[in-house]
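Please consult the sequence and the structure shown below while reading.

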Amino acid sequence: MSGLKTTTLTLEQMRSHRAQGESKTDWARLKCEVEAGVEPTDDEDSPDATQKLREVVEKRQVGRPAGSGTKEQVSIRFDRDVLRAFRSAGPGWQTRMNEALKDWLKTHSPR
């Protein structure tokens, strides 16, 4: 990196600088390059990392993953202690609750 000084800023500091017009990024030039299809040059200190980063960005999908199409969103009320018990087991609590209800249906009539 020929003569460049590397600095570290928090996200909040970067946002503050940008809001105050202190960003050193030439956004107009970047926009023109993107529209023209110009690829950024490889990082001279780590060209392999540049390629790997591009591969990750290309694979990345935006938004929520597609659902199974078999579920329906509803609004329902549960007792706090029931929710606390399922949530306390960590991520996936809604799936576990769904499985518990399916298991209950195997031995009970939903009437």
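## The crossing of two helices

In this predicted model, helix H4 passes helix H5 in a right-handed crossing. Two packed helices are described by the angle between their axes and by the distance between those axes. For H4 and H5, the axes come within 8 Å and cross at roughly 115°.

The contact involves Val82, Leu83, Phe86 and Arg87 on the side of H4. From H5, the residues that meet them are Trp93, Arg96, Met97 and Ala100. By class, the residues of this contact comprise six nonpolar and two charged, with no polar residue.

## The largest pocket

Empty space in a structure can be located by rolling a probe the size of a water molecule over the atoms. The largest pocket holds about 1,000 Å³ of space, and 23 residues line it. Among these, Lys71, Glu72, Gln73, Val74 and Gln94 lie nearest the centre of the pocket.

The elements that give two or more residues to this lining are helix H4, residues 80-87, and helix H5, residues 93-107. H5 provides the largest share, with eight residues. The lining of the largest pocket as a whole consists of ten nonpolar, eight polar and five charged residues.

## The second largest pocket

How much space lies in the second largest pocket? The volume is about 830 Å³. The lining of this pocket is formed by 21 residues, and those nearest its centre are Ser23, Lys24, Thr25, Asp26 and Leu30.

Helix H1, residues 11-19, and helix H2, residues 27-36, each contribute at least two residues to the lining of the second largest pocket. Its residues divide into eight nonpolar, five polar and eight charged.

## Salt bridges

How many salt bridges does a search of the whole structure find? The search finds two.

Note on methods. Residues numbered from 1 in each chain as written. Predicted model: local features only at pLDDT ≥ 70, side-chain atom pairs only at ≥ 80, totals over all residues. Heavy atoms only, no water. 1 Å grid on protein atoms, 1.4 Å probe; cavity = no way out; pocket = protein on both sides within 12 Å on 5 of 7 lines; lining within 4 Å. Points joined across faces, edges and corners; volume = space filled by probe spheres on them. Helix = DSSP H or I, 4+ residues; strand = E, 2+ residues; numbered from the N terminus. Nonpolar A, V, L, I, M, F, W, Y, C, P; charged D, E, K, R; others polar. Axes fitted to C-alpha atoms, helices over the stretch in contact; angles between N-to-C directions. Left-handed = near helix turned anticlockwise from the far one by under 90°. Contact = heavy atoms within 4.5 Å. Salt bridge = Lys/Arg side-chain N within 4 Å of Asp/Glu carboxyl O.
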